[in-house]
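User: I am new to this structure and would like to go through it with you. Could we look at it together?
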Amino acid sequence: LTVAEKKSIISRNLQEVLGEDRIDEILKTRDLKIYWGTATTGKPHIAYFVPMSKVADFLNAGCEVTILFADLHAYLDNMKAPWELLKLRTEYYEHVIKAMLTSIGVSLDKL
């Protein structure tokens, strides 16, 4: 993909893009590195397809995407879930998110 094609995919369906000049500079030399995080407070649900569709755009544009699972934040939200449960939830989130991305035809090579 060209820099213009990558930028088009990265920015589609966004209301605002901050730092466009910096994005252009980076895309001329390498792919972007993206970080997205979620707290593992409960079960992922259908609304997770909204951010996953954007993560899919990033991956399709060649970006390297890291998904951060905020298990500490999940613990601090209610301080009722034991750490073992949070560990299992984190593993569950990883499987569900990968399955969601795979179901919409996205390669997980750069995830």
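User: Leaving aside its neighbours within four places in sequence, which residues is Ala-74 in contact with?
Analyst: This is a predicted model. In it, Ala-74 is in contact with Ala-39, Thr-40, Thr-41 and Leu-86, once its neighbours within four places in sequence are set aside.
User: Where is the place of Ala-74?
Analyst: Ala-74 belongs to helix H4, which covers residues 71-78.
User: Is Ala-74 buried or exposed?
Analyst: Ala-74 counts as buried, because its relative accessibility is 2% and buried means under 20%.
User: What separates the C-alpha atoms of Ala-74 and Arg-89?
Analyst: A distance of 9.9 Å lies between those two C-alpha atoms, and the residues are 15 apart along the chain.
User: Turning to the strands, in which sense do S1 and S2 pair, parallel or antiparallel?
Analyst: Strand S1, residues 33-38, pairs with S2 in the parallel sense over six bridges. The chain passes from S1 through H3 to S2, and this β-α-β crossover is right-handed.
User: What stands opposite Thr-38?
Analyst: Phe-69 in S2 stands opposite Thr-38.
User: Now the core: how many residues does the largest nonpolar one have?
Analyst: The largest nonpolar core has 23 residues, and Ile-10, Leu-32, Cys-63, Val-65 and Leu-101 have the most contacts inside it. Helices H1 (3-11), H2 (20-29), H3 (49-60) and H5 (83-103), together with strand S2 (64-69), each give two or more residues to this core.
User: And which residues is Leu-101 in contact with?
Analyst: Beyond its neighbours within four places in sequence, Leu-101 is in contact with Met-52, Val-55, Ala-56, Leu-59, Val-106, Leu-108 and Leu-111.

Key
Residues are numbered from 1 along each chain as its sequence is written. This is a predicted model: local features need pLDDT of at least 70, side-chain atom pairs count only at pLDDT 80 or more; totals for chains, interfaces and linings use all residues. Side-chain values use heavy atoms; hydrogens and water are left out. A nonpolar core is a set of buried Ala, Val, Leu, Ile, Met, Phe, Trp, Tyr and Cys residues joined through side-chain atoms within 4.5 Å. Buried means under 20% relative accessible area, exposed over 50%, partly exposed in between (1.4 Å probe, protein chains only). Helices (H or I, at least four residues) and strands (E, at least two) are DSSP runs, numbered from the N terminus. Contact means heavy atoms within 4.5 Å. Two strands pair if DSSP finds at least two bridges between them. A crossover is right-handed if, with the strands pointing away from the viewer, the path from the first strand over the helix to the second runs clockwise.
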